[in-house]
Amino acid sequence: MEPHKEARTPGDPVAWLPGTLRTQTPEEEEPRVGGSAPAASVLDAEACGASADGLWDLPVEPAERRPECSHCSRPQKVCLCPFLPAHPVHISTYLYIIQHPAEENKVLRTVPLLAACLPKDKCKIKIGRRFSEERDPELSTICQKSDTLILYPGAEAADLEEFILDSPVYPSTIIIIDGTWSQAKDIFYKNSLFRLPKQVQLKTSISSQYVIRAQPTNRCLSTLECAAVALSILEKNNYIQETLLRPLQALCSFQLQHGAQIRLSKEHLLKNGLYPKPMPKNKRKLRKMELLMNSVKI
């Protein structure tokens, strides 16, 4: 609803901020001598400028953030700690999360829930877009180890379950990139460090339970879900997956109860004729859309 605007007659005074353009009707224009403005107009302009300058001296109150739980990083009123394990889940695998900076302040992010379920010395979060040996010697050392894996789908990626059966060295560390698909792609391909570890992917038929955030396809999983499945495989313990998914299920359930809607994947919308936007004219983007409609992995 637009704010109520009071009617103004031609004779009413109007305040003008410095630098704004004021147009005059022929009746308002006054004759000028030698190209100079009348003294009254100059005084009015100075008065308006002085009053506007005073606005900058007013104190600005910072936006108040809701108090957050120090454990699950959720607002205290919607704390998810009751759904976290009583004690950190015991794992022998080291997990490194490479988080895009844009994910750090998102309200419905899943990484804080994941970190709250695991021992602090087993789950480390690295935030950034670019990484190198000079910027992060620890991560560089991890990437060069033969027992480190990076979870990123692609033609060169091996199935994680099959890989650990044949690998002479059992993996001790797994790296997962946290971000949108375009952000993750940018991080993976523009950091040579991440092509040093063995690249693996998950071949699973489960659908994402992170239903309050749209995914490209029905097979795409959130960062927490990827970690839950991968750790369950590496630790050979299905209890880990069940435990890590519990706070995510609670988060989605709470959001749906308070007005959020289930976000269907782009693949589902395209297949069922529900995609709300026009098809792209760009041939490359159009080809991706067609692959989604035909359930071809891209």
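Reader: Hi! How many bridges join β3 to β5?
Author: There are 4, and the two strands run parallel; strands here are DSSP E runs of at least two residues, helices H or I runs of at least four, numbered from the N terminus. Strands count as paired if DSSP finds at least two bridges between them. This is a predicted model, where local features need pLDDT of at least 70, side-chain atom pairs count only at pLDDT 80 or more, and totals for chains, interfaces and linings use all residues. Residues are numbered from 1 along each chain as its sequence is written, and side-chain values use heavy atoms, without hydrogens and water.

Reader: Thanks! What's the strand order in the open sheet?
Author: The 6 strands go β2-β1-β5-β3-β6-β4, with parallel pairing. At the edges sit β2 (123–127) and β4 (158–159), each pairing on one side only.

Reader: Now α5: which of its residues are buried?
Author: In α5 (residues 181–189) those are Q183, A184, I187 and F188; buried means under 20% relative accessible area, with a 1.4 Å probe and protein chains only. They lie on the same side of α5 because they cover an arc of only 130 degrees around the axis, taken from the directions from the helix axis to the C-beta atoms.

Reader: And what covers them?
Author: The cover includes β1 (94–99), β3 (148–151), β5 (173–178) and β6 (198–201), where contact means heavy atoms within 4.5 Å.

Reader: Switching topic, how many disulfides are there?
Author: The count is 0, a disulfide being a pair of cysteine sulfur atoms within 2.5 Å.

Conventions: Buried < 20%, exposed > 50% of the residue type's maximum accessible area, 1.4 Å probe, protein only.
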